[in-house]
Amino acid sequence: FEIHLSLIGPFFKMDSSKILEIKKIAKSSFNIPAILLKYDYSSYKYTSLYIDVLKTKDLINLRNKFIKAIPPHTNYAYKFEPHISLFYGNAETFEKTQLISKLPSIDRKININKICITHIDEKLDQWKIIERIKLN
């Protein structure tokens, strides 16, 4: 499990033409600052424990470039709630709050400097990075 911030998805099929388009967009895009807000949690498996990220114009613009070039399959892609996933699963609320209380303080600003294309197998709860692409 690698810590990540999802920009867009899902796609049922990721072929070489889509990968090429993603590479072109990434190479023409610059590093983006991201503002981290706080640790948080939810009852949803894939946002069980995460860092809330400010939805900035830079993040939205980068995301929109990808959506315009290669529209994702479902409406899920249009519900953009930027966050950095730390844990997937179904832990109890008490466990999550206890864990958050033990985590170090958050660096408020990070630099997003690459895009990763992943393959996700939700049946097996596994995902694998297919390709890492540096931003310009």
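This is a predicted model: local features need pLDDT of at least 70, side-chain atom pairs count only at pLDDT 80 or more; totals for chains, interfaces and linings use all residues.
How many bridges join strand β3 to β4, and in which sense do the two strands run?

Figure 1. Strand β3, spanning residues 49-53, is joined to β4 by four bridges, and the two strands run antiparallel. Within this pair, Tyr-50 stands opposite Ser-85 of β4.

**Figure 2. Pairing of β1 with β4.** Strand β1 comprises residues 4-5 and strand β4 residues 83-87; two bridges join them, and they run antiparallel. His-4 has Ser-85 in β4 as its bridge partner. Ser-85 of β4 also stands opposite Tyr-50.

Figure 3. Five strands make up an open sheet, arranged as β1-β4-β3-β2-β5, with antiparallel pairing. The edges are formed by β1 and by β5 (109-112), each of which pairs on one side only. Strand β2, residues 32-41, pairs with β3 in the antiparallel sense through five bridges. In that pairing, Tyr-41 has Leu-49 of β3 as its bridge partner. In a regular strand, side chains alternate between the two faces of the sheet.

**Figure 4. Helices lying across the sheet.** Helix α2 lies across β2, β3 and β5 and runs at about 100° to β2. Helix α3, formed by residues 93-102, lies across β2 and β3, its direction being at about 130° to β2.

**Figure 5. Packing of α1 against α2.** Two packed helices are described by the angle between their axes and the distance between the axes. Here the axes of α1 (residues 16-27) and α2 (residues 57-69) come within 10 Å and cross at roughly 150°. Helix α1 is therefore roughly antiparallel to α2, angles over 145 degrees being counted as such. The crossing of these two helices is right-handed. On the α1 side, the contact involves Glu-21, Ile-22 and Ile-25, which meet Leu-62, Lys-65, Phe-66 and Ala-69 of α2. By class, the residues of this contact divide into five nonpolar, no polar and two charged.

Figure 6. Side chains of opposite charge can pair when their charged atoms come close. Glu-21 and Lys-24 form a salt bridge in which the closest N and O atoms are 3.5 Å apart. Both residues lie in helix α1, with Lys-24 and Glu-21 three residues apart, or about one turn of the helix. Glu-21 also belongs to the part of α1 that meets α2. In the whole structure, a search finds three salt bridges.

**Figure 7. Surroundings of Lys-27.** Lys-27 lies in helix α1. Although Lys-27 and Asn-136 are 109 residues apart in sequence, their C-alpha atoms are 5.0 Å apart in space. With neighbours within four places in sequence left aside, Lys-27 is in contact with Ile-133, Lys-134 and Asn-136.

Conventions. Residues are numbered from 1 along each chain as its sequence is written. Side-chain values use heavy atoms; hydrogens and water are left out. Axes are lines fitted to C-alpha atoms, for helices over the stretch in contact, and angles run from 0 to 180 degrees between N-to-C directions. Angles under 35 degrees count as roughly parallel, over 145 as roughly antiparallel, 65 to 115 as roughly perpendicular and the rest as oblique. A crossing is left-handed if the near helix is turned anticlockwise from the far one by less than a right angle, and right-handed if clockwise. Contact means heavy atoms within 4.5 Å. Ala, Val, Leu, Ile, Met, Phe, Trp, Tyr, Cys and Pro count as nonpolar, Asp, Glu, Lys and Arg as charged, and the others, Gly among them, as polar. Two strands pair if DSSP finds at least two bridges between them. A salt bridge is a side-chain nitrogen of Lys or Arg within 4 Å of a carboxyl oxygen of Asp or Glu.
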